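Reader: I would like to learn how to read a protein structure, one feature after another. Could you take me through this one slowly?

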Amino acid sequence: AAVTAAAPPNQPTALTGAVVFSSTRGVVSDQIKTIRIQTFGGFLSPQTASALKEQNNDFVIQCLAKTEDVGLEAEQSAQSLADQIGKEVFALLMSNPTLSGAVCDIDLFDGDENFDRMVIDIGANKYGSFYLYGKINPV
């Protein structure tokens with residue numbers, strides 16, 4: 001299921017109106033701004049007799065901005081918007097690394113790189129894209 005990001009009145013951000021999916025399989029064809037989140041890998045660790053903790057889960061967050069026209073200028077504009085969305089998501093994660101208590105910690109600096117950007121094709125459309133990589137509950 002998708003949710004739409006909102007901002008306080010008179011304070012729109014690059015995230016305002018973005019449609020957020022909890023999987024990279026969310027359909028993006030009609031949205032100008034889309035955020036798709038996917039977790040994978042990791043392991044379960046017993047914490048108590050009845051509780052397990054997910055640890056070392058990799059994640060990717062795709063921030064997509066659909067081109068609204070054809071040509072290099074439209075692609076550059078979409079890429080610029082995707083960069084803005086990705087940087088705002090990054091700032092949100094840095095300001096709340098426990099996701100309000102949903103996880104113990106997020107590591108956005110695991111490995112050699114933590115982001116990627118490029119113009120991509122999805123179906124018949126082009127999108128600016130900004131990918132964030134990290135780990136949830138790193139060990």
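Author: Let us begin with accessibility, where a residue is called buried under 20% relative accessible area, exposed over 50% and partly exposed in between, using a 1.4 Å probe and protein chains only. At 65% relative accessibility, Ser100 therefore counts as exposed. Before we continue, note that this is a predicted model, in which local features need pLDDT of at least 70 and side-chain atom pairs count only at pLDDT 80 or more, while totals for chains, interfaces and linings use all residues. Residues are numbered from 1 along each chain as its sequence is written, and side-chain values use heavy atoms, with hydrogens and water left out.

Reader: Where is Ser100 placed in the chain?

Author: For this we need helices (H or I, at least four residues) and strands (E, at least two), which are DSSP runs numbered from the N terminus. Ser100 belongs to the loop between H1 and S7, and the loop between helix H1 (72–95) and strand S7 (106–107) is also the place of Leu99. Leu99 has a relative accessible area of 34% and is therefore partly exposed. Phi of Leu99 is near 50 degrees, a positive value in a residue other than glycine, and Ser100, which is not a glycine, has a positive phi of about 55 degrees.

Reader: How many helices and strands does the protein chain have, and in what pattern do they follow along the sequence?

Author: The protein chain has 1 helix and 9 strands, and reading along the sequence gives the pattern β-β-β-β-β-β-α-β-β-β. The C-alpha trace spans about 55 × 35 × 30 Å along its principal axes, and buried residues make up 36% of the 139 residues.

Reader: What should I look at when I study a residue in helix H1, such as Gln79?

Author: Look at its cover and at its contacts, where contact means heavy atoms within 4.5 Å. Gln79 lies in helix H1, and its relative accessible area is 11%, so it is buried. Leaving aside neighbours within four places in sequence, Gln79 is in contact with Arg117, Met118, Val119, Gly128 and Ser129. Gln79 and Leu64 are 15 residues apart in sequence, with 8.3 Å from C-alpha to C-alpha. For the whole protein chain, residues 24 or more positions apart account for 50% of the contacts with a separation of 6 or more.

Reader: How is a pair of aromatic rings described?

Author: Such a pair is described by the distance of the centres and the angle of the planes. Rings of Phe, Tyr and Trp (its six-membered ring) pair if their centres lie within 6.5 Å, and planes under 30 degrees apart count as stacked, over 60 as edge-to-face and the rest as tilted. A search of the whole structure finds 1 aromatic pair. The rings of Phe115 and Phe130 have centres 5.2 Å apart and planes at 10 degrees, so this pair is stacked. The pair links distant parts of the chain, since Phe115 is in strand S8 (residues 115–122) and Phe130 is in strand S9 (residues 125–136), 15 residues apart.

Reader: Are Phe115 and Phe130 buried or partly exposed?

Author: Phe115, at 35% relative accessibility, counts as partly exposed, whereas Phe130, at 4%, counts as buried.

Reader: Which side chain is joined to that of Lys135 by a polar contact?

Author: A polar contact is a pair of N or O atoms within 3.5 Å; within protein, one must be able to donate a hydrogen and the other to accept it, and residues adjacent in sequence count only if both atoms are side-chain atoms. The side chains of Lys135 and Asp58 are joined by a polar contact of 2.6 Å. These two residues are 77 residues apart in sequence, yet 4.5 Å apart in space from C-alpha to C-alpha. Lys135 is found in strand S9, and at 11% relative accessibility Lys135 counts as buried.

Reader: What does the side chain of Asn56 reach?

Author: The side chain of Asn56 reaches the backbone nitrogen of Val139 at 3.2 Å. Asn56 sits in the loop between strand S5 (52–55) and strand S6 (57–66), and, leaving aside neighbours within four places in sequence, its contacts include Gly42, Phe43 and Lys135.
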